[in-house]
Amino acid sequence: VWTPTADQTVWGAISRAVRTPTRIDQDLFLPNPSTGTPVTLRGTRDFESEVLIAYELGYRVQPSKTLSLDLSVYYNDYDNLRSQEPQGPTGRPIILANMLEGHTYGATLAGRWRVTDWWELDGNVSGLHVDLQRSPGSRDATNGAGEANDPDYFFTLRSSVDLPGHVQFNAVLRYVSDLPHPATPSYLGLDLRLAWLPRENIELAIIGRDLLDPQHPEFRGAVVTREVERRVFGTIKWTF
């Protein structure tokens with residue numbers, strides 16, 4: 001970490017991480033051999049750990065006592081990612097192997113602004129790019145589609161207001177761009193919360209979630225897609 005001035009901070013990091021094989025990677029058999037049906041997908045004891053090398057650089061500045069800004073950029077290099085390798089002339093069975101590789105990169109800008117003594121805003125916006133491809137010799141027909149399903153862009157904006165009479169009003173606006181695999185549309189969501197604290201240890205609140213749409217999907221399943229519905233509810237909190 002390097003601090004050039006009292007209100008600025010620059011930092012960076014390089015890290016290495018691994019994902020060790022799971023029982024699915026090494027012991028999966030579909031369908032179960034006991035059924036007598038030929039196996040179409042299976043793991044292997046030769047499956048190795050997936051490897052990530054991550055590079056990150058950040059910059060923080062506080063131009064005033066009420067405003068702070070953070071910018072971070074990153075690059076991730078992946079190796080030995082899980083692939084689905086067809087075997088023989090028929091392509092069956094498919095074996096889980098480590099023949100995908102690639103990288104991701106992106107950036108996040110975040111800020112916090114104390115507008116007044118009773119109103120605070122904070123938010124962030126992020127962008128992400130994913131590029132996965134087959135390693136030499138791979139026959140994976142999915143080209144890594146099942147290993148990455150992330151939005152390209154998303155942002156969140158929060159507002160917190162302290163009103164007279166021990167009343168709090170909070171709002172969260174968020175946007176998530178579409179997902180590629182399987183295709184899921186983008187959505188804009190709004191959450192609201194109005195709370196009254198008659199005593200320090202008692203809170204009564206009414207909360208609304210996902211208020212902009214009657215319902216929307218956040219992820220599509222291969223067979224069934226469950227959509228997030230608009231909902232309004234009340235809470236009572238007592239701490240002691």
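Helices (H or I, at least four residues) and strands (E, at least two) are DSSP runs, numbered from the N terminus. This is a predicted model, in which local features need pLDDT of at least 70 and side-chain atom pairs count only at pLDDT 80 or more, while totals for chains, interfaces and linings use all residues. Residues are numbered from 1 along each chain as its sequence is written, and side-chain values use heavy atoms, with hydrogens and water left out.

Q: How many helices and strands does the chain have?
A: The chain contains one helix and 15 strands.

Q: What makes Asp210 count as buried or exposed?
A: A residue is buried under 20% relative accessible area, exposed over 50%, and partly exposed in between (1.4 Å probe, protein chains only). Asp210 has a relative accessible area of 4%, and is therefore buried. This residue sits in the loop between β12 and β13 (215-217), and its phi is near 50 degrees, a positive value in a residue other than glycine. In the chain as a whole, buried residues make up 27% of the 240 residues.

Q: What is the label for His166, buried or exposed?
A: The relative accessible area of His166 is 58%, so His166 is exposed. His166 lies in the loop between β9 (153-163) and β10, and has a phi near 60 degrees, again a positive value in a residue other than glycine.

Q: Why is the pair of Tyr55 and Tyr75 called tilted?
A: Rings of Phe, Tyr and Trp (its six-membered ring) pair if their centres lie within 6.5 Å; planes under 30 degrees apart count as stacked, over 60 as edge-to-face and the rest as tilted. The structure holds four aromatic pairs. In one of them, Tyr55 and Tyr75 are 6.3 Å apart centre to centre with 45 degrees between the planes, and the pair is tilted. Tyr55 belongs to strand β5 (residues 50-64) and Tyr75 to strand β6 (residues 67-86), so the pair ties together parts that are 20 residues apart in sequence. Tyr55 counts as partly exposed at 38% relative accessibility, and Tyr75 counts as partly exposed at 34%.

Q: What makes the aromatic pair of Trp238 and Phe240 tilted?
A: The centres of Trp238 and Phe240 are 5.1 Å apart, and the angle of 45 degrees between the planes gives a tilted pair. Trp238 counts as exposed at 57% relative accessibility, and Phe240 is exposed as well, with 85%.

Q: Which residues is Leu204 in contact with, apart from its neighbours within four places in sequence?
A: Contact means heavy atoms within 4.5 Å. With those neighbours left aside, Leu204 is in contact with Leu194, Ala195, Trp196, Thr235 and Ile236. Leu204 lies in strand β12 (residues 202-209) and counts as partly exposed, at 32% relative accessibility. Across the chain, residues 24 or more positions apart account for 53% of the contacts with a separation of 6 or more.

Q: How do you know that Asp178 is partly exposed, and what is it in contact with?
A: The relative accessibility of Asp178 is 45%, so Asp178 counts as partly exposed. Leaving aside neighbours within four places in sequence, Asp178 is in contact with Pro151, Asp152, Thr184, Pro185 and Ser186. Asp178 lies in the loop between β10 and β11.

Q: Which residues does the cis peptide bond with omega about -10 degrees join?
A: That bond joins His181 and Pro182, and Pro182 is placed in the loop between β10 (167-176) and β11 (187-199). The peptide bond from Leu30 to Pro31 is also cis, with omega near -15 degrees, and Pro31 lies in the loop between β3 (29-30) and β4 (41-42).
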